[in-house]
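Thanks for coming, everyone. Please bring the model up on your screens while I start.

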Amino acid sequence: MTRRDLLKMAIAMSAATIPGSWDELAAETSAHSPTSPALPGTLRDIASARGLHFGAAVPWEELADNPLYAQIIHQQCGILTPELELKWDCLRPTPQSFDFRKADRLYVFANSHGMLFRGHTLVWERALPKWFESTVDARNAESVMMSHISTVVSHFAGKICSWDVVNEPIQLGDGRADGLKVTPWLRFLGPEYIAMAFHAAHAADPNAMLVFNEDWLEPENAAAQRKRQAVLALLTQLKRSGVPVHALGVQSHLSAELQTAGPHFQRFLQEIEDLGLMIIITEMDVSDQHLPADIEERDRLVATQYLDYLSFMLQFKSLKSIMTWGLTDRFTWLAKVHPRPDGLPVRPLPYDAELNPKPAWEAIRQAMETAPRRATTT
Ligand code: G3I
């Protein structure tokens, strides 16, 4: 039986059976999926040699159905984020119940390959289960949110290195002076829902790094600058109030032609570090939606953005984790949400749809290899 057959069987078995405990699940997975040390020259090794973590967000199905992809993930990534399985619509079949099975399988996959595991996300207004709207209101929202956070964070206590506690809470277009997005959480609980969420997560796992995760902070334009100012004001107030927020998650969903890495973004990130917060790149990809059709030119422009942006970001010594949102063009969310007008498959990630490394892979390698070394990563 070949390694690939073994891996396929291991993943199929762990997907098919529903062991009752961590140990059973770990035995199931590690017994069959050979732990292959990361090969020299992988993004995982290069990151580690510089005191960094490189990783990706993937959903369980993509690993369970594609053993070769699973192998590339654990060889190239030292950290893994569930793309779906820690969101409410996956975890919460009913108002009273939790289903951790898929998230647990991803944890066991990561742990059996010596990978760190990061949680995404505890409080967001999207990816909510169908029962949410008809069940949650101003009277019960606090207990619903707090019991969700304490149950989920406690389940993974000691197993998750960092949590995206609140995801994308800023939306200036909603017209509030503080820039907060008008979500059900804000409507039912007021702005304090953010501090409450961080305190609840910290109480359930004091060792987890707690992250405020936001998108569209990177562009060098006026709208992004207004968003950065709202984020900075909010994080300053949270820190002053003793809220246990430890890092800013900069999602980094870029496009190849986007002007970023400018002086305003640089000053913002410096002010974030001056607050005592770390910086994490949580969801990087580089859209080629508006680039010419030629694949070689697209790949080159996408790779250039990866190299320029990561070289800029890695000047900040608090940045220790770089996550892409997926690792292969085959499964990118951008294919569905931001497809190319000409209908050609998009190419935003380090591996193409056939799982071959692309110029973007080399660009990420080069940016990390030339980055100032970090103190050993915890
Ligand atoms: O798997 C089901 C499938 O069985 C069903 O037929 C289909 C149609 O209903 O839905 C499929 O699930 C979808 C899932 O992606 C897998 O494709 C969900 O409906 C869909 O909501 C989900 O979208 C995800 C989205 O977050 C909401 O959770 C995207 O894949 C994921 O890439 C996206 O990731 C977000 C981050 O969490 C936050 N930052 C932005 C980022 C991109 O939007």
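First, the ground rules. This is a predicted model, so local features need pLDDT of at least 70, side-chain atom pairs count only at pLDDT 80 or more, and totals for chains, interfaces and linings use all residues. Residues are numbered from 1 along each chain as its sequence is written, and side-chain values use heavy atoms, with hydrogens and water left out.

Helices and strands are DSSP runs, numbered from the N terminus: H or I of at least four residues for helices, E of at least two for strands. Axes are lines fitted to C-alpha atoms, for helices over the stretch in contact, and angles run from 0 to 180 degrees between N-to-C directions.

Start with helix 14, residues 295-313, and helix 16, residues 359-369. Their axes come within 8 Å and cross at roughly 15 degrees. Helix 14 and helix 16 are therefore roughly parallel; angles under 35 degrees count as that. The crossing is right-handed, meaning the near helix is turned clockwise from the far one by less than a right angle.

Which residues of helix 14 meet helix 16? They are D299, V302, A303, Y306, L307, L310 and S311, and they meet P359, A360, A363, I364, Q366 and A367. Contact here means heavy atoms within 4.5 Å. Ala, Val, Leu, Ile, Met, Phe, Trp, Tyr, Cys and Pro count as nonpolar, Asp, Glu, Lys and Arg as charged, and the others, Gly among them, as polar.

Next pair. Helix 9 (residues 141-155) and helix 11 (residues 193-204) have axes that come within 8 Å and cross at roughly 30 degrees. Helix 9 and helix 11 are therefore roughly parallel. This crossing is right-handed. Helix 9 brings E142, M145, M146, I149, S150, V153 and S154; helix 11 brings Y193, M196, A197, A200, A201 and A204. The class count is 10 nonpolar, two polar and one charged.

Third pair. The axes of helix 12 (residues 222-240) and helix 13 (residues 263-274) come within 11 Å, crossing at roughly 5 degrees. Q225, R228, V231, L232 and L235 in helix 12 meet H264, F265, F268, E271 and I272 in helix 13. That contact divides into six nonpolar, two polar and two charged residues.

On a 1 Å grid over the protein atoms alone, a cavity is a set of points where a 1.4 Å probe fits but cannot get out; a pocket is an open set with protein on both sides within 12 Å along at least five of seven lines; lining residues have an atom within 4 Å of a point. Grid points are joined across faces, edges and corners, and a volume is the space filled by probe spheres set on the points.

The largest pocket holds about 870 Å³. Of its 34 lining residues, R126, H253, W333, V337 and H338 are closest to the centre. Its lining has 12 nonpolar, nine polar and 13 charged residues.

There are three cavities of 30 Å³ or more. The largest cavity has about 40 Å³. Its lining includes E62, E83 and W333.

Last, the backbone. The peptide bond from H120 to T121 is cis, with omega near -10 degrees. T121 lies in strand 3, residues 116-123. A127 is not a glycine, yet has a positive phi of about 55 degrees. A127 sits in the loop between strand 3 and helix 8 (132-135).

Methods: Parallel < 35°, antiparallel > 145°, perpendicular 65-115°, else oblique.
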